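Here is a short report on helix packing and ligand contacts. Please look over the sequence and the model first.

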Amino acid sequence: MNRSKFLLIIFIVAIVGIFLGFDGHKLLTLENLQGHQGALAEWIDQNLLLAVTGYAAIYVVVTALSLPGATIMTLAGGAFFGNLYGLAAVSIASTLGASLAFLVARFLMRDTLRKRYAETVAKMDRGISKDGAFYLATLRLVPVFPFFLINLAMGLTAMKLRTYALVSWVAMLPGTFVYVNAGTQLGQIESTADIVSADLLLSFALLGLFPLIAKFVVGFIRRRKVYAGWQKPEHFDYNLLVIGGGSAGLVSAYIAAAVKAKVALIEKHKMGGDCLNTGCMPSKALIRSAKAADTLRHANRYGLESVPVKGSFKNIMNRVKEVIAKVEPHDSPERFRKLGVDCISGEASFVSPWELEVRHNDGHTERLTARSIIVATGGKPAVPPIPGLEDMQPLTSDNLWELQEQPERLLVLGGGPIGSELAHAFARLGSKVIQVERDERLLAKEDEDVASLILEQFEADGIDVRLQHSAVEFCLEEGEKVAYCEHGGERVRIPFDQVLVAVGRAANTTGLNLERIGVDTQPNGTVPVEDDMSVRYPNVFACGDVAGPYQFTHAAAHQAWYAAVNGLFGQFKRFRVDYRVMPWVTFTSPEVARVGLSEAEAREQGVAYEVTRYGLDDLDRAIAESEDYGFIKVLTPPGKDKILGAVVVGSHAGEILAEFTLAMKHGLGLNKILGTIHPYPTWNESAKYAAGEWKRAHAPEGILKLLEKLHGWRRGKGQTRQQKRKEVTAG
Ligand SMILES: Cc1cc2nc3c(=O)[nH]c(=O)nc-3n(C[C@H](O)[C@H](O)[C@H](O)COP(=O)(O)OP(=O)(O)OC[C@H]3O[C@@H](n4cnc5c(N)ncnc54)[C@H](O)[C@@H]3O)c2cc1C
């Protein structure tokens, strides 16, 4: 705890001590007030200004320090200053006092809470930034919760002081008026319970409902406003129209069909989208061939003869196509039609928030309406406008799979997951790969130790990794393709045969006619979504790569659930997307699998953490497979076993990570992983060993010392026969 916090606590404790020590709480009673009313009133008449100021100051202190007696003080305000001045003095003083209490709670507690319960606080802050004023007004209007608790609780949130003070002031006015008014009748009041009758409580409750009603009305007006100028169709062709047949669109349509909604899926190119046709599937198939090549090249590790890898690139690419063809039926129009989805081959664009124009692939167009529309149009590789790059016929993840000949010298632009996966695969397949990355490390989203291990492996596999290199120009020099990069103020020349661009992805929004319905894209090109996945209109949604922020198949599917369910049932209940436990894997070798916070993120967010590491070189299974490298790193709050984040770098990292993901999702700590039987010898045992490392580091030293003594005592006091014999021999 820092000095100023400590001093403030001492100060508060001293004031509260003095207040209670001098029986302040006994002074502020109804009987006392009634008993001294006459004498006090006379003095106040003669010293009005001093009396009001002094009264307000005491009121501020009582509320700021949450001392008992605020109710009596409010009654006194009415009794001594009347309705008007009493109301003014009390409402200003109570707002000031409440704001001070709010600030004290924030100063003393918020940072600590944020460090300990980062996720909960973040969630609370999101709620407060959206509806905080409404919540506060409700709590102030309905006198069910003690006001001092509201002051303290709100101080722990991210609510702005200005909002807090203003809403408190306005919402406390009705209650203040009731009490001040009651104070003017002090003679008739026998107990504070007389002030709040059942009727009054009911009217307070109604007042409390007011913000909720207001919220509903505001929502209604907002909806009216956003739809102003549009004519809603009286009937709809569908309950749901989905644009795009990739991971996000397929899951959306699947869910809609499963709950018997009438749904159409419009895909302009190939069902399955990027994941099946140009992304996850082909890349993983290529990576597997590359791994096989690596195993053959290093067969001596397994007691076999290493062989020079000979293979036909054409055959490798044919295998990639076969893999796609095998998975294709999962995403095929036939399968989805059987599930009850109308699959339409064509390109869709918006006519209104309920209507799409579909240009069928056979040339004809039609208009379709639906209650809700989901945009799931995905993304495409971004090709930066570097002079000369277009003339090099650059490869991207879109056209790479048509390649017939293996590039001898492949220049890969980009050190992110896609660039790194493909660079590694081509290097293992025998291309001379030069990987250029603008940043100071590969896989910039991962921690330094993770990136270094990958770099080490890449260099061991012959990749020429050029970090802090920015490609600035491409040209042909004597028939040879050349890239120029800027590096530390110098121009570096890199000759190559083919260039693969993997520097990021851009959302697919062209042709959707989003402008027509007033939807602007964000600076990064994605469609801006609310946390229920809606886009500007409560019945238009977006999910997957076109919405971001994560660009993974599983993230697309996760979002699709929210888009589809909110699209179909949003009038009754809206579900807010939850990204707290989002795992991902980069399929380099070793794989990098992450869930939750990295160390860098924890530092950035001010989350206190400690690190537990377990080296996979220690794992029996890894040793048996000659793949004993990599590590597991788990972040936990100091002294606790709750998992804040985990990264696994090694073989089968994606599979090992699943256990940490499950644990995080369901609030299971490392102790629970440690207490679970894991079959021997498996890769997954490593999760248990990582948990064991944590346990060892948190062994209760004091208890262990006591146990040592207990065991010694149980073996018999004094020297053992063995010790005596030793002493005799030595003597
Ligand atoms: C090389 C590579 C490897 C990857 N590896 C992985 C991985 O291992 N794991 C992982 O989780 N993710 C991986 N990804 C990411 C993953 O492929 C995407 O996150 C996922 O495909 C996104 O799905 P989506 O439905 O949002 O978009 P898409 O799959 O792109 O689908 C969008 C569909 O919409 C169609 N469309 C666009 N506009 C219109 C229109 N106006 N009318 C009709 N149809 C339209 C498109 O033709 C497309 O089929 C990889 C990506 C790449 C490029």
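## Helix packing and the ligand

In α5, the residues Ala 98, Ala 101, Phe 102, Ala 105, Arg 106 and Arg 110 touch Asn 151, Leu 152, Met 154 and Gly 155 of α7. This contact of α5 with α7 holds six nonpolar, two polar and two charged residues. Keep in mind that the model is predicted.

How do α5 and α7 pack? Their angle is about 45 degrees, and their axes lie 7 Å apart. The two helices are therefore oblique to each other. Their crossing is right-handed.

Helix α5 also packs with α1. Here Ser 4, Lys 5, Leu 8, Ile 9 and Ile 12 of α1 meet Val 104, Phe 107, Leu 108 and Asp 111 of α5. By class, the residues of this contact are six nonpolar, one polar and two charged. The angle between α1 and α5 is about 130 degrees, with axes 11 Å apart. So α1 and α5 are oblique to each other. The crossing of α1 and α5 is left-handed.

Now turn to the ligand. There are 37 residues around it, and Glu 267, Asp 274, Lys 284, Asp 545 and Thr 553 come nearest.

| Residue | Atom of the residue | Distance to a ligand oxygen atom |
|---|---|---|
| Lys 284 | polar side-chain atom | 2.7 Å |
| Asp 545 | backbone N or O atom | 2.8 Å |
| Thr 553 | polar backbone atom | 2.8 Å |

Definitions and conventions: Residues numbered from 1 in each chain as written. Predicted model: local features only at pLDDT ≥ 70, side-chain atom pairs only at ≥ 80, totals over all residues. Heavy atoms only, no water. Axes fitted to C-alpha atoms, helices over the stretch in contact; angles between N-to-C directions. Helix = DSSP H or I, 4+ residues; strand = E, 2+ residues; numbered from the N terminus. Parallel < 35°, antiparallel > 145°, perpendicular 65-115°, else oblique. Left-handed = near helix turned anticlockwise from the far one by under 90°. Contact = heavy atoms within 4.5 Å. Nonpolar A, V, L, I, M, F, W, Y, C, P; charged D, E, K, R; others polar. Near = heavy atom within 4 Å. Polar contact = N/O pair within 3.5 Å; in protein donor to acceptor, adjacent residues only side chain to side chain.
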